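Trainee: Please take me through one part of this protein in detail. I would like to look closely at the place where its parts meet, and at what surrounds it.

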Amino acid sequence: MVDSSEVQRGLQDVVALQSRICFIDGVRGRLIYQGYDIRDLAARSTFEEVAYLLWYGRLPNAAQLAELTDRIGALRALPPPLAERVEAMPVDAHPMDILRTAVSALAFFEPEETKPGPSSIGGAQRLTAVLPTILGQFHRRRAGLPPIRERPELSQAAYLLYALLDREPSELEEKAIDVALVLHADHELNASTFAARVTASTLSDLYSAITSAVGTLKGPLHGGANERVVRLLDQIGSTDRVEEVVRGMLDRHERVMGFGHRVYKVEDPRATILRDWSRRIGEAKGDRHYFDLLRRLEEVVHREKGLYPNVDLYSGSIYALLGVPYDLFTPIFAASRVAGWTAHVLEEYEDLRLIRPTAKYVGALDLPYVPVDQRG
Ligand code: ACO
């Protein structure tokens, strides 16, 4: 029995459940999906392979990969009544709110896919396939771009960029987005995955669990940080202003987004890989502005606070250089993490126990009850 007087604020270091999906070595800076090092997966796998790995626990052979790729491609179209609803959503809403509402609404039209249990794998693939379509349909309307077409022949990385920008990426751009999707696909019991598992642990349905996860990812202390990093870079403007802006923020006790992590005590291995991609894309576009600012930001934040970059530091610079609007950065994170969320929900259904911690009560006891007409 845990001593109820011991409160682990933010559930820090609490081991809440057993999982085979993802391992983080926060001291050595390693991230493992189902036994495979993220560095190998980022260099050699695609997002589709990684989604298969997360869902089925093993890397696919060529035939299995082709089958999954075809399946995801074939599941991209939205049910027409959902497409109509997305069409009616306010154009000035944040795309994360659109995503959360659309994921929730999808359940109206797919009751079979949402059912709790191992058969939810169908829903996992469906959600992974449609997230770019939802985002593309919404963004294209507000940006005055032509309506989206489902392009089953495109990889998930290429489709995501096509959905958002109405153009197909170059080989290098497709690889950059694909690496970002691989790196964001899972991360053990991060807040949004935990939210999904808590929902699933009540035997609620898959789409409810993913709705919880999208709402949780949105926050600036979690997935919302990538958008804020690039806004900060724009505010800073030039490398000679980094020092002054960062010192000002730290003096005001503000957090510098893209730094620090609950689990990593060293550099987040995803940041190491994304740093390299930020440089490569910057050089390919002839624009090292973001990269140079980020390197300087790293120096100053490390010197002042001893903090290391996390996954959100460099990702936004890559998306921005590809022309993606800032408010779509966190939705791109969601379009990848949905593979991990759904894998965790499936695992939860396999070995389910209601997640229900306790609180240390610090309120009053035994207050005398006063009827309403006698209260001052
Ligand atoms: N900027 C400035 N100070 C920071 C930062 C930061 N980014 N991160 C941590 N600190 C400081 C805190 O102010 C605190 O200092 P104090 O002890 O003097 O008060 C100390 O470091 C410990 O911080 P905690 O909030 O207790 O650490 P926690 O483990 O809860 O924080 C978190 C992890 C939320 C990620 C934090 O580092 C942060 O806010 N980072 C900025 C937001 C961000 O980049 N989020 C993305 C994380 S990755 C992801 O979710 C995808």
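Mentor: **The core and the domain interface**

The largest nonpolar core holds 109 residues. Those with the most contacts inside it are Tyr33, Trp55, Ile134, Ile210, Leu297 and Val324. Helix 17, residues 329-350, supplies the largest share of this core, with 12 residues. Domain 1 (19-219 + 326-350) and domain 2 (225-321) both give residues to the core, so it lies between them. Keep in mind that this is a predicted model.

Leaving aside residues up to four places away in sequence, Trp55 touches Leu68, Ile72, Ile121, Ala124, Gln125, Thr128, Ala339, Thr342, Ala343 and Leu346. There is also a second, separate core of six residues. Ile148, Leu154, Ala158 and Ala163 are among them.

Now the interface itself. The centres of domain 1 and domain 2, taken over C-alpha atoms, are 25 Å apart. Contact involves 31 residues of domain 1 and 29 residues of domain 2. About 2400 Å² is buried between the two domains, and carbon and sulfur atoms give 69% of that area. On the side of domain 1, Leu172, Tyr326 and Phe329 lose the most area to domain 2. Together these three give 28% of what that side buries.

Next, the polar side of the interface. Nine residue pairs are in polar contact across the interface of domain 1 and domain 2. The count of salt bridges between the domains is one. Which elements of domain 1 give two or more residues to the side that touches domain 2? They are strand 1 (22-25), strand 2 (30-33), helix 1 (38-44), helix 9 (171-184) and helix 17. Helix 9 gives the most, with nine residues.

A further salt bridge to look at joins Glu173 and Lys285. Their closest N and O atoms are 2.5 Å apart.

Now look at the other charged pairs. The structure holds 33 salt bridges. Arg140 and Asp166 form one of them, at 3.0 Å from N to O. This pair links distant parts of the chain, 26 residues apart. Arg140 sits in helix 7 (residues 121-143), and Asp166 sits in the loop between helix 8 (156-165) and helix 9. Is Arg140 buried or exposed? Arg140 is buried, at 2% relative accessible area. Asp166 is partly exposed, at 31%.

Arg270 pairs with Asp268, with the closest N and O atoms 2.7 Å apart. Both Arg270 and Asp268 are buried.

Helix 15 (residues 289-305) carries another pair, Arg296 and Glu299. They are three residues apart, about one turn of the helix. Their side chains meet at 2.6 Å, N to O. Arg296 counts as partly exposed, at 23% relative accessibility. Glu299 is partly exposed too, with a relative accessible area of 48%. Arg296 and Glu299 belong to a network of salt bridges that also links Glu243, Arg247, Arg303 and Glu304.

Finally, check two backbone angles. Gln34 lies in the loop between strand 2 and strand 3 (36-37). Its phi is near 45 degrees, a positive value in a residue other than glycine. Gln34 is buried, with a relative accessible area of 17%. Asp366 lies in the segment after helix 17. The phi of Asp366 is near 55 degrees, again a positive value in a residue other than glycine. Asp366 is exposed, with a relative accessible area of 75%.

Notes:
Residues are numbered from 1 along each chain as its sequence is written. This is a predicted model: local features need pLDDT of at least 70, side-chain atom pairs count only at pLDDT 80 or more; totals for chains, interfaces and linings use all residues. Side-chain values use heavy atoms; hydrogens and water are left out. A nonpolar core is a set of buried Ala, Val, Leu, Ile, Met, Phe, Trp, Tyr and Cys residues joined through side-chain atoms within 4.5 Å. Buried means under 20% relative accessible area, exposed over 50%, partly exposed in between (1.4 Å probe, protein chains only). Helices (H or I, at least four residues) and strands (E, at least two) are DSSP runs, numbered from the N terminus. Domain bounds come from an automatic or database domain assignment. Contact means heavy atoms within 4.5 Å. Buried area is the accessible area (1.4 Å probe) that two parts lose on being put together, summed over both. A salt bridge is a side-chain nitrogen of Lys or Arg within 4 Å of a carboxyl oxygen of Asp or Glu. A polar contact is a pair of N or O atoms within 3.5 Å; within protein, one must be able to donate a hydrogen and the other to accept it, and residues adjacent in sequence count only if both atoms are side-chain atoms.
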